[in-house]
Structures are given as structure tokens and as C-alpha cells.
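Here is a short briefing on one protein model. Look at the sequence and the structure first, then read the points by topic.

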Amino acid sequence: MFTVTKFDKGGKVTSFEKKKTDLYQELGLQARDLRFQHLMSITTRNNRIIMRMEYLKAVITPECLLILDYRNLNLEQWLFRELPSQLAGEGQLVTYPLPFEFRAIEALLQYRINTLQGKLSILQPLILETLEALVDPKHSSIDRSKLHILLQNGKSLSELETDIKIFKESILEILDEEELLEELCLTKWSDPQVFEKSSAGIDHAEEMELLLENYYRLAEDLSNAARELRALIDDSQSIIFINLDSHRNVMMRLNLQLTMGTFSLSLFGLMGVAFGMNLESSLEEDHRVFWLITGIMFMGSGLIWRRLLSFLGRQLEAPLPPLMASLPKKTLQADRRTEVKHSFRPDGLESSRSVLTNR
């Protein structure tokens, strides 16, 4: 069974249930036409327009709009509050003077664009707030909870970019085929007399193309906004990685300094080890020798440590040797020789003279 909601030209709404086979026969469609396998699709069959936009499944005829099996609360509110007035001409649809299928297509495309815009308007402040908290210089450490939130928002942004891309590709596929644009004008094929009276010199295929191009541009604007958010996330990740590298370098330098200090102290600590052994000499009787050896140990360790630190600083601040400095010059000379050789070709004397004059 299909739960069908029918909207006529005057905005009247009726809901009923019908078997799938009866609905196929009534609309003159096949079972494969109403499977709605794609997330976004606009196709024509037997002077009917079949549209799928995520939760929205619709069939447009020259007389009415059929919505099939909706299971979304936001979609239900839009169907019964806004769509009837739009189809009846009380809304802000620019295609109201045109046949009914133009109003139905515009209303559905407008709903899809508003849905994508709503998702972007929810994600954008969340992502900007999280990025501002992560790259704030006042915080020396990175909050892992913020990174988790950024990861979730990044996934939602990727899904939104995919939805926008599918929307654009579906419309662009129709714009590239003139036959599809002609088939979308249902009144032109179903009732030629009404078409001739309503057209008044208007090319309906051209109007349909302008309508689809308008919503393609709106989707392109959404895609650019999502792309800018993605670029901000990538730049912020680069800043975070740079900060982490800086902290890691500080820790490595501190570890190296402590290692050098331990090495210096151990080197001059051998003197104390030697005098601390159970060896008899005449120096044990003099109390000043202890303080002398201890002072030599600490002074020697401090001097060695300072020398190692200065050596480390010179190595870190030393510029890299210009290994490739001569390469551009040689390449430039080779290019000049090649140009001079080409200038002496017997193709034309005037071109050779102009090249040599410029040189």
C-alpha cells in the first residue's frame, strides 16, 4: 500500500491509501518507476514527472501533485502548511503564470534548497565556535572534547557536501539534455490547446531551463560556503599540528639539555668516585682537599654543560647550506642557449632579428 497525499491546482489536499498495482495502472507507470532508488533524481515517464529528494517522493501530473509515503515531521509540516498555498498561487513562486508542473517543480526544489540551507546554517556557527576555541592562543593545551566535536561536525559537513553535489549533478544532467527539458513541460504534450493559450509566445522549455539554472546557482552558492568551512577546518588543523610540533620540540630540547647536564656531572663525578674508594694516600688527612675536589667537580661540570648548550644553540641557529643556489643560473644559461639556437633557424630572417634585438 502507498499512503498518497494529493494536491490539485487550487491547493486542495486529499489523503488516501492505494495499492501499488492500482497506482501503477492509474498513472500509467511501471513498478521500477516508483522504486526511488536514488537519493536525488528527476525523471519523466509517460507524461509524468517522478522526483525523489531524500525523504520526499513525488509524482507530478499536468493536473495534480502526488506525495508518496512521507515519514518526516518537518516534511509533514511543510506539506500541509506551505505547499497548498504555494500551488494555489498565494506564495512567492515566480512560475505561477506558467502551467501547474512549473509550480510543483519549483516548490519541491525550493523545499530541498531550504533544507540544505538549514543544515548549513546549523553547522556553520558550531564549526566556527569550535575552531575559535581550538586555535585560541590563551590555551596552551588542546581540549580533546573540542576535537571530538570538530570531528563530528566535519562528518556532518562532508555529508552535506555530498547532498549538495548530488543535487547539482541531478539538475546539471537535465540542463545538458534538451529532450529532458522538453519532456518536463507536461502541458505541452498533454493539452496542446491549453498550452497555446497559456504560452502567449513564451518558450516553456526555455523557462524550465531558467528555473533549473536558478536553483543550480543557489546550490553552487551553498557548495562554496561549505567549501570555505572545509578550508577553515583544514587551516585550523594545520595550526594545531604546528602547535603540537612546537610543544614536542620544546620537550625534546629540554630532554637534551638535561641529558647534557647529566653527562657533564657524571664526567667530573669520576674524581669523587676515585677519592671515595678505599685507597690510602696523604690527602685524606687534609680537610681542605674535600672542598677543593668538590669545587672542581661542580665548576668543571658547569663549564662543560655551558659549552654543550652553546654548541647546541649554534647548531640550531645555523642556516642551511645553499646547495641548489647555482642550479637556477645554469638552467637559465641553458635556456638562453636554446633560444638563441632556435632564433637562427632558417624559418624566417625577420623573427631571428627580432629575437636577437631583444637579447
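The mean pLDDT of this predicted model is 77, where pLDDT is the predictor's confidence in each residue, from 0 to 100. A pLDDT of 70 or more is reached by 77% of the residues. Residues are numbered from 1 along each chain as its sequence is written. Because the model is predicted, local features need pLDDT of at least 70 and side-chain atom pairs count only at pLDDT 80 or more, while totals for chains, interfaces and linings use all residues, and side-chain values use heavy atoms, with hydrogens and water left out.

**Confidence along the chain**

- Among the elements of the protein, helix 4 has the highest mean pLDDT, 90.
- Helix 12 (residues 349-358) has the lowest, 39.
- A contact means heavy atoms within 4.5 Å.
- Residues 336-359 also have pLDDT below 50, and seven contacts beyond near neighbours in sequence.
- Where pLDDT is low, the predicted coordinates should not be read in detail.

**Overall build**

- The protein has 12 helices and six strands. These are DSSP runs, numbered from the N terminus: helices are H or I with at least four residues, strands are E with at least two.
- Of its 359 residues, 32% count as buried. Buried means under 20% relative accessible area, exposed means over 50%, and partly exposed is in between (1.4 Å probe, protein chains only).
- The protein exposes about 23800 Å², and carbon and sulfur atoms supply 56% of that area. Accessible areas come from the Shrake-Rupley method with a 1.4 Å probe; for residues, only the protein chains shown count as cover.
- Take the contacts with a separation of 6 or more: 60% of them join residues 24 or more positions apart.

**Nonpolar cores**

- A nonpolar core is a set of buried Ala, Val, Leu, Ile, Met, Phe, Trp, Tyr and Cys residues joined through side-chain atoms within 4.5 Å.
- The largest one has 56 residues. Those with the most contacts inside it include Met51, Ile60, Leu108 and Met208.
- Helix 4 (residues 100-134) gives the most to this core, with 15 residues.
- Apart from it lies another core of 13 residues, among them Leu23, Tyr24, Leu29 and Phe36.
- Leaving aside neighbours within four places in sequence, Ile60 is in contact with residues including Met51, Leu65, Ala104, Leu108 and Leu186.

- Ser41 lies in strand 3 (residues 40-44). Ser41 counts as buried because its relative accessibility is 15%.
- Beyond four places in sequence, Ser41 is in contact with Ile50, Met51, Arg52 and Ser170.
- Lys168 sits in helix 5 (residues 144-175). Its relative accessible area is 14%, so Lys168 is buried.
- Not counting residues up to four places away, Lys168 touches Tyr216, Ala219, Glu220 and Ser223.

**On helix 9**

- Met251 is found in helix 9 (residues 204-276). With a relative accessible area of 55%, Met251 is exposed.
- Met251, Leu254 and Leu258 form a nonpolar surface patch, with about 320 Å² of accessible area together.
- Arg253 also lies in helix 9. Arg253 is partly exposed, at 41% relative accessible area.
- Arg253 and Leu312 are 59 residues apart in sequence, yet 9.3 Å apart in space, C-alpha to C-alpha.

Terms used
Patches are made of residues with over 30% relative accessible area and no salt bridge: like charges are joined within 9 Å, nonpolar side chains (Val, Leu, Ile, Met, Phe, Trp, Tyr) within 5 Å. A salt bridge is a side-chain nitrogen of Lys or Arg within 4 Å of a carboxyl oxygen of Asp or Glu.
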